[in-house]
Amino acid sequence: MTGQGAGIALMCATMAILAVQDAFSRHLAGEYNVWMVMMVRYWFFAVLALAIAARRPGALARAWATPRPWLQAGRGVLMAAEICVLVTAFVLLGLAQSHAIFALCPLLVAALSGPVLGERVGLARWLAIAVGFGGVLIILTPGGGTLSVWALLPVLAAFMFAAYSVLTRLASRTDDALTSFVWTGVVGAVFMTPMGLWAWQDVAAADWGWLAGLCAIAALAQWLFIKTYEAAEASTVQPFAYLQLVFASALGVVIFDETIRANMVIGAAIVIAAGLFTLWRARRAA
């Protein structure tokens, strides 16, 4: 299999694993406080990141060193908070609707790349961003009905993850991927621990297996994600990231008995089309 073919296959596998991770998160957050569940996940994440960084002598100190500690700390807090918001949306809205709205994220990344990174965002991409927001409005207001306040949660999560993505690109100008990985895990664990311990609930014996599975799946997804970008360029594999919406929606219907309405399909199709257009424009410009 060629490098591009391997990268595409890895991205598809990564999106499938992430969809399963989201299903685990929805189940556990429906039974326990989301802060507690994510705290346990972040403990595992932090230990994994430190273990990877410590594989060679002196590597841990080098991975932790950064000329922009406040930027890295801000990234870590933003990512942890975004996960909690999105998982809360999974519980209140379901996987399908949450991911249909969250698909707005690449458009928000394009919008933030101009003011934060100084990249040029042309008129065509701004129009695509506006069209994408129109698709989200279709998802949020089925049949012209009243906008649900809870439906704004995945919108907020998309904004937060877009900001995290842009800040990660900004940090990459001075720090390597391992440094950002370590800071994300450790800062996230530190941020989540006080709230997670405050919200601690007794966990049923069977649910410890679910928690262990969530941690293992999250680690596998991170490993596959890294391998994806080692195998192929981002512009080649990024369009296949939208498959997470398909996989998560299927799990939502099969496992959680969710309903996919016509407005969700139409709105998500508009958002994805706008996102793919911005990716194509960015690749063409590059």
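Helix α5, which spans residues 95-102, is mostly covered, and eight of its eight residues are buried. The structure described here is a predicted model. The buried residues of α5 are Leu 95, Ala 96, Gln 97, Ser 98, His 99, Ala 100, Ile 101 and Phe 102. One of these, Ala 96, is touched by Ser 249, which also touches Ile 260 when residues up to four places away in sequence are not counted. Ser 249 is found in helix α12. With a relative accessible area of 9%, Ser 249 is buried, because the limit for a buried residue is under 20%.

Asp 257 lies in the loop between α12 (243-256) and α13 (262-285). This residue has a positive phi of about 60 degrees, although Asp 257 is not a glycine. The relative accessible area of Asp 257 is 68%, and the residue is therefore exposed, the cut-off being over 50%.

Apart from its neighbours within four places in sequence, Val 37 is in contact with Leu 28, Ala 29, Tyr 32, Leu 211 and Leu 214.

Leu 153 has a relative accessible area of 17% and so counts as buried, the limit being under 20%. Once neighbours within four places in sequence are left aside, the contacts of Leu 153 are Val 85, Thr 88, Ala 89 and Leu 92. An α-helix has 3.6 residues a turn, so residues three or four places apart point the same way. Leu 153 and Thr 193 are 40 residues apart in sequence, and their C-alpha atoms are 22 Å apart in space.

The cysteines were then considered. The count of disulfides comes to zero. Cys 105 is in no disulfide, and the nearest cysteine sulfur, that of Cys 84, is 17 Å away. Cys 105 counts as buried at 6% relative accessibility. Cys 215 is likewise in no disulfide, and for this residue the nearest cysteine sulfur, again that of Cys 84, is 14 Å away. Cys 215 also counts as buried, at 6% relative accessibility.

Rolling a probe the size of a water molecule over the atoms shows where empty space is left. The second largest pocket holds about 250 Å³ of space. Its lining is formed by Ile 52, Ala 53, Arg 55, Arg 56, Ala 59, Arg 62, Ala 63, Asp 176, Leu 178 and Thr 179. By type, the lining residues divide into five nonpolar, one polar and four charged. At least two residues of the lining come from each of α2 (34-53), α3 (59-64) and α9 (177-198). Helix α3 gives the most to this lining, with three residues.

Notes
Residues are numbered from 1 along each chain as its sequence is written. This is a predicted model: local features need pLDDT of at least 70, side-chain atom pairs count only at pLDDT 80 or more; totals for chains, interfaces and linings use all residues. Side-chain values use heavy atoms; hydrogens and water are left out. Helices (H or I, at least four residues) and strands (E, at least two) are DSSP runs, numbered from the N terminus. Buried means under 20% relative accessible area, exposed over 50%, partly exposed in between (1.4 Å probe, protein chains only). On a 1 Å grid over the protein atoms alone, a cavity is a set of points where a 1.4 Å probe fits but cannot get out, and a pocket is an open set with protein on both sides within 12 Å along at least five of seven lines; lining residues have an atom within 4 Å of a point. Grid points are joined across faces, edges and corners, and a volume is the space filled by probe spheres set on the points. Ala, Val, Leu, Ile, Met, Phe, Trp, Tyr, Cys and Pro count as nonpolar, Asp, Glu, Lys and Arg as charged, and the others, Gly among them, as polar. A disulfide is a pair of cysteine sulfur atoms within 2.5 Å. Contact means heavy atoms within 4.5 Å.
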